[in-house]
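Subject: Structure handover, with notes on salt bridges

Hello,

I am passing on the structure below for you to look through. My notes on its salt bridges follow.

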Amino acid sequence: MQFRTKIDRLSLPFQISHEDALLFCGSCFSEHIFNKFDHLKFSAKLNSHGILYHPLSITKSLDDIVNGKIYQEDDLIFSNGLWQSFNHHGYFSNPDLTTCLDTINQSIQVFKSHLQGTNFIVCTLGTSLAFKLKSDSSFVANCHKFPADNFNRVFIQSKTISAAFNQSIQDLKAINPGLKFLFAVSPVRHIRDGLIENQKSKASLLLSVHEIVKQNKNAFYFPSYEIMMDDLRDYRFYQRDLIHPNEQGIDYIWDIFQDAVFTNQTQALNKRIAKINAALAHKPFFPKSEKHQIFLKQQLEKIELLEAENQLLDFSIEKENIKLIYQP
């Protein structure tokens with residue numbers, strides 16, 4: 001007897017290795033997957049505009065990158081002692097105007113400069129529900145705690161989402177013809193408006209993504225939402241808020257993702273990197289003891305061997321941290 005519906009082994013028509021460069025955008029689930037890649041020493045950049053949940057904010061961020069938009073004071077609003085952008089996450093907000101603009105524009109330029117050499121854009125969509133400013137009917141990525149009467153709450157139809165992404169994909173392909181897009185619908189539930197609205201929201205995202213994949217040969221879909229909803233299907237894989245996947249749930253989705261996109265060689269390399277990361281995360285009681293000094297020497301030798309075998313790996317931060325304690 002089976003007591004769960006286990007998802008079939010996935011096979012995507014491409015593979016990812018450490019030779020590839022990736023850009024991540026979208027919801028907080030995108031951040032979770034980025035952290036996995038970053039921890040394993042892949043060349044990856046995260047969220048040019050910060051965490052974004054609804055699709056039209058994501059496509060707006062991609063348009064800004066394509067066009068190399070330079071934000072000016074007129075693009076910002078000042079409230080509660082902070083300069084802020086309705087197109088950006090609160091991470092970019094700052095009490096100083098120049099600092100806010102510099103942070104925003106530098107992030108866009110970093111992503112723009114990496115675009116030509118990027119192989120994959122990984123995008124996770126969070127919700128079809130969005131806010132529009134009443135003053136000019138523009139979508140906002142973040143309300144920044146402005147009073148609710150400044151906004152209209154709207155539901156974005158799947159055809160609107162797919163049309164926006166189709167245009168962004170074409171614009172990005174004009175810069176980088178070999179670019180591939182990997183879409184996922186975030187398993188994080190948005191239940192502020194109720195369970196029914198959340199299901200409608202996710203349904204619109206699913207329909208739009210499958211239409212995008214259908215219309216673009218360089219676009220693909222990874223079923224993180226289905227893995228969480230239909231395979232795990234248990235609140236023990238959620239955090240205490242019963243909304244966000246917990247570490248165990250994320251690791252399970254990640255394992256399926258690894259099998260789908262990494263070669264055996266890349267997975268073997270990932271294991272070696274992860275083993276070093278786990279070892280260095282150990283906090284010794286006596287860092288200057290002979291035993292720990294031997295341990296540090298061994299880790300340094302493993303890192304140097306990995307870097308010699310794989311020119312793309314960079315353990316410079318780890319080596320500096322080891323050398324602060326290691327006394328040869």
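The count comes to 12 salt bridges, where a salt bridge is a side-chain nitrogen of Lys or Arg within 4 Å of a carboxyl oxygen of Asp or Glu. This is a predicted model, in which local features need pLDDT of at least 70, side-chain atom pairs count only at pLDDT 80 or more, and totals for chains, interfaces and linings use all residues. Residues are numbered from 1 along each chain as its sequence is written, and side-chain values use heavy atoms, with hydrogens and water left out.

E309 and R272 meet through their side chains at 2.9 Å, N to O. E309 is partly exposed at 46% relative accessibility, and R272 is partly exposed at 35%. On this scale, buried means under 20% relative accessible area, exposed over 50%, and partly exposed in between (1.4 Å probe, protein chains only).

R236 pairs with D234, with 3.2 Å from N to O. R236 is exposed, at 54% relative accessible area, while D234 is partly exposed at 30%.

R233 forms a salt bridge with D230, and their closest N and O atoms are 3.5 Å apart. R233 is exposed, with a relative accessible area of 63%, whereas D230 is partly exposed at 38%.

Regards
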